[in-house]
Amino acid sequence: MTVSVDVEGPKTGPSTNSVTGDVSVPKGCLTGTHRAVDPAETLRKITPHLARMGITRVANITGLDRVGIPVVAVYRPNARSVAVSQGKGFDLVAAQVSGLMEAIESYHAEHVKLPLRLASHTELCADAPVLDVSRLPRLSVSGFHGQKQMLWCEAVDLMADHPIWIPYEMVHTNYTRPLPTGSGNFQMSSNGLASGNHRLEAISHGICEVVERDAMSLWNLAGGTGNPVGRVDPASVIDPLCRHVLDHLLAAEISVGIWDVTSDVGIASFACAIVDTKPNHIGQFYSSHGSGTHPCAEIALLRALTEAAQTRLTYIAGARDDANRELFETARNPDRIAEVQRHLDNVDPAGFKAFGETGSYLSESLEEDLAYELECLKSVGIEEVAAVSLGGEDLGISVMRVIIPGLEGLHDAPGYIPGERARIRMEDMRQ
């Protein structure tokens, strides 16, 4: 199977991407993120439209913690899924855009305006290309079978460059009851839901998120923070923005652990664990984690570090309505914190790897990033990458949903069943 995306270097004029129908888009921002335009320009574009999507408030919650890494909470009181989104970044504008774009993605996935088809898998396969549902993340309580009537919508298979039908329940995030007809077959989540200043940007980000969740599932199966394999020496990190976040964490007397969790897919992925070494002003200790994936290793690590800081503030603020009480209590459970701290301490630094050992890909255009990501996926036997547009063009952005059969779903989601990649990993561990 060939990937019909031009993988040559930047050209002197606009070129058509045969997969998306879009022209090649150069990266206009390379500071802390790789985007078509910088966060300030994105914020200017989306701000006039926030009210009609139900966004009522953007709160800077950075000051609730002593770390100082910018984190915001974005509120949509009448949301049909998560009412409070979080955002993080190397500065406040980047954090605001991060949180707002997450809220905008959710809004569009809650208000999908796509033609739907009610049919069984068998019926649909008789007259249209259908995604390989056997490789999608399943639920332990899945009611799927070939004759079950369910809703489908049409996407584009980026590998083959042709239309393909996908389960609607893996596209929308309208979790109000009752759920749409035929729901309850596959893992419903926001995994692969992404937005960007351009369709290519959103697709690339969506792919990275699905790859990240797959890498994290495999890493957790291998022991997570209790496994020293892939541990990165923080002193080897010289990227200025990553170094800035690390220095903030260390100055706040917080232990930091970094793991290179890049899977066989080959797109740079990192996990980060942070733990208090001293209590806050009311005597509480916290532990939290973050992860990040991007072709450029520096961007992947920055995402992992800032997400760990964001997750920590989520626990402190207590304003994440998709998190249950147990999750918040675990974050400050003394036994759990002591366990993670032991994992961070009981490792010989001589076994650490240098940050520079992680493979990294740096390009000048969004089209090149997408081509690289598709080639990486193809190299491990991924045959389909489905992408469907959920709108956003009237805001000057694009919202996309990406689904990749064959990659693992969210390992910590209720009802998760290990897929083929996880089963192979578990078998390798037993040998």
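## Helices H4 and H9

The crossing between H4 and H9 is left-handed. This report concerns a predicted model. Helix H4 covers residues 199-221 and helix H9 covers residues 366-379; their axes come within 9 Å and cross at roughly 30°. Angles under 35 degrees count as roughly parallel, and H4 and H9 are therefore roughly parallel to each other.

On the H4 side, the contact is made by Leu200, Glu201, Ile203, Ser204, Ile207, Cys208 and Val211. H9 contributes Leu366, Glu367, Asp369, Leu370, Glu373, Leu374 and Leu377. Sorted by class, the residues in the contact of H4 with H9 are nine nonpolar, one polar and four charged.

## Helices H5 and H6

The crossing of H5 and H6 is left-handed.

From H5, the residues making the contact are Leu241, Cys242, Val245 and Leu246. From H6 they are Glu298, Leu301, Leu302, Leu305 and Thr306. By class, the contact of H5 with H6 has seven nonpolar residues, one polar residue and one charged residue.

## The sheet of S1, S2 and S3

Three strands, in the order S1-S2-S3, form an open sheet with antiparallel pairing. S1 (57-60) and S3 (84-88) are the edge strands, each pairing on one side only. From one strand to the next, the twist averages 25°. Strand S2 spans residues 71-75 and pairs with S3 in the antiparallel sense over five bridges.

Helix H2 (residues 92-110) lies across S1, S2 and S3 and runs at about 145° to S3.

## Strand S13 and its partners

Strand S13 (residues 398-403) pairs with S7 and with S12. Four bridges join S13 to strand S7 (residues 193-196), and S7 and S13 run antiparallel. Gly196 stands opposite Ser398 in S13. Strand S12 (residues 386-391) also pairs with S13 in the antiparallel sense, over five bridges. Ala387 stands opposite Val402 in S13. S12 and S13 form a hairpin with six residues between the strands, and in this hairpin Gly392 takes a positive phi near 100°.

## Burial of S13

In a regular strand, side chains alternate between the two faces of the sheet. Is S13 covered on one face or on both? Both faces of S13 are covered. Ser398, Met400 and Val402 are buried on one side, and Val399, Arg401 and Ile403 are buried on the other. As a whole, S13 is mostly covered, with six of its six residues buried. Ser398, the residue that stands opposite Gly196, and Val402, the residue that stands opposite Ala387, lie on one side of S13 together with Met400.

Technical notes:
Residues numbered from 1 in each chain as written. Predicted model: local features only at pLDDT ≥ 70, side-chain atom pairs only at ≥ 80, totals over all residues. Heavy atoms only, no water. Buried < 20%, exposed > 50% of the residue type's maximum accessible area, 1.4 Å probe, protein only. Helix = DSSP H or I, 4+ residues; strand = E, 2+ residues; numbered from the N terminus. Pairing = 2+ DSSP bridges. Left-handed = near helix turned anticlockwise from the far one by under 90°. Contact = heavy atoms within 4.5 Å. Nonpolar A, V, L, I, M, F, W, Y, C, P; charged D, E, K, R; others polar. Axes fitted to C-alpha atoms, helices over the stretch in contact; angles between N-to-C directions. Parallel < 35°, antiparallel > 145°, perpendicular 65-115°, else oblique.
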